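Dear colleague,

I am passing on the structure we discussed, with the sequence alongside. My notes on it follow below, grouped by region.

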Amino acid sequence: MKLRPGLRVLERGPGTVQFGADQRWATVLTGLTSAETDVLRRLAGPDPVVGAELLRRCRPSAGAPVDPERLSELLAALTRSGLLTAVPPGPLPVGSGAADDVRSAACTATDGDGARVVAARARAVVAVVGLGRVGMVLADTLASAGVGTLALDDARQVRAGDVGIGGLRDRHVGRARAEGAAEVLSGRYPALRVGGDGQAPDVVVVVFDEVADSVRTVRLMVEGVAHLVVTVREGDVVVGPFVLPGQTPCTTCLDCRRTELDPLWPRVRDQLRDAAVQLPPAQESSTAAASGALAAAQVLAHLDGRRPVTAGACIEVSAPDAVPRLREWSMHPDCGCVDVSPPQR
Ligand SMILES: [Zn+2]
């Protein structure tokens, strides 16, 4: 056993030690002797001492003053709090460059094996459709987090407004967005595979302008592919829903719900769709950065085996403050998507 990497060990006063600083898992042990405190502190650090080694050091012949049974009790308390893990730290994925993501996942993964989490990401394929600023921040964040393959899809030309956050530059203006994106991302992440080579994606992200078009996601529904819908609108960016076909509300479900709230929504929606073709909505820098990162977090949750918070909800990120708000949605009985196949993973 060892303490999850990255956890802080903090002295709160005589005989009182706090393990971890995050309120989700922070645990305080009290009534410790100074020798016990000293030994427990060795659980942390760049080269933490594992439980068995601690016990060896506590043998009377070694002169250690800590009673092994007492130490076992303390370690058991930390184990019950989920702070100790039996999993040894695995090697970092070669070329992933995601060392800090490994450390973070060691705190949050169920088994404490951050290397396993990032290694799984390295095997994953994520398709990103729509490569303006939001799509670029999303793709950049996924690559930084260790995702191994990105299939980039956007034949539209890079606009002057696309330059900036996300990595597209003046030299890319006029070229196909997917081409510019591939150049940017390949330069930043040499180990990243760009293209996918026809591999079935684990997740598809589609970035829409103004309104989410269910016609463009129907194939994903039929094939049971998990997908995240991101919609750039006049004054905000909507991240979600993350659709697990047949299990969580889809694009059409939300369209039905919106029509219930506003019977004239279909008429407005169609005008917005046409207007976006003429003049795409602005992807303001702060909003694009925040929403792109939130979108990436949804994808990573799915790849890591967790349920994305946007499965059944949307995160609305409004300009100019970019403060996210979660809005829940439910499946609509008229949609019929409950009858589609469950997702492949
Ligand atoms: Zn539906």
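Strand β12 (residues 313–318) is joined to β11 by four bridges, and the two run antiparallel; here strands (E, at least two residues) and helices (H or I, at least four residues) are DSSP runs numbered from the N terminus, and two strands are said to pair if DSSP finds at least two bridges between them. Within this pairing, valine 238 stands opposite glutamate 316 in β12, while valine 239 faces isoleucine 315 of β12.

Before going further, please note that this is a predicted model, in which local features need pLDDT of at least 70 and side-chain atom pairs count only at pLDDT 80 or more, whereas totals for chains, interfaces and linings use all residues. Residues are numbered from 1 along each chain as its sequence is written, and side-chain values use heavy atoms, with hydrogens and water left out.

Strand β11 also pairs with β10 (residues 227–232), again in the antiparallel sense, over five bridges, and a hairpin of three residues joins β10 to β11. In that pairing, histidine 227 stands opposite valine 243 in β11. Eight of the eight residues of β11 are buried, so the strand is largely enclosed by the rest of the structure; buried means under 20% relative accessible area, exposed means over 50%, and partly exposed lies in between (1.4 Å probe, protein chains only). These strands belong to an open sheet of eight strands with mixed pairing, in the order β8-β7-β6-β9-β10-β11-β12-β13. Its edge strands are β8 (193–194) and β13, each of which pairs on one side only.

The metal site may be of particular interest to you. The zinc ion is coordinated by the SG atoms of Cys250, Cys253, Cys335 and Cys337, at 2.2 to 2.3 Å, where donors are N, O and S atoms within 2.8 Å of the metal (3.2 Å for Na, K and Ca), and since water is not among the atoms, sites may look incomplete. The angles among the four donor atoms are 98 to 120°, and the site is tetrahedral, a label given to four donors if all angles lie between 85 and 135 degrees. For reference, the ideal angle for four tetrahedral donors is 109.5 degrees. Along the chain, the donors follow the spacing C-x2-C-x81-C-x1-C. Distant parts of the chain are linked in this way, with cysteine 250 in the loop between β11 (236–243) and α9 (251–261) and cysteine 335 in the segment after β13 (324–328), 85 residues apart. Cysteine 250 is itself buried, with a relative accessible area of 4%.

Strands β2 and β3 (residues 16–19) pair in the antiparallel sense over four bridges, and glycine 13 stands opposite threonine 16 in β3.

Glycine 292, in helix α11 (residues 285–303), counts as buried at 0% relative accessibility. Helix α6 (residues 133–144) is mostly covered, with ten of its twelve residues buried, among them Val134, Val137 and Leu138. From its first C-alpha to its last, α6 reaches 16 Å, close to the 16 Å expected at 1.5 Å a residue, the expected span being 1.5 Å times one less than the number of residues. Just after α6, glycine 146 takes a positive phi of about 105°.

With best regards

Key: Tetrahedral: all angles 85-135°; square planar, octahedral: opposite > 155°, others 65-115°.
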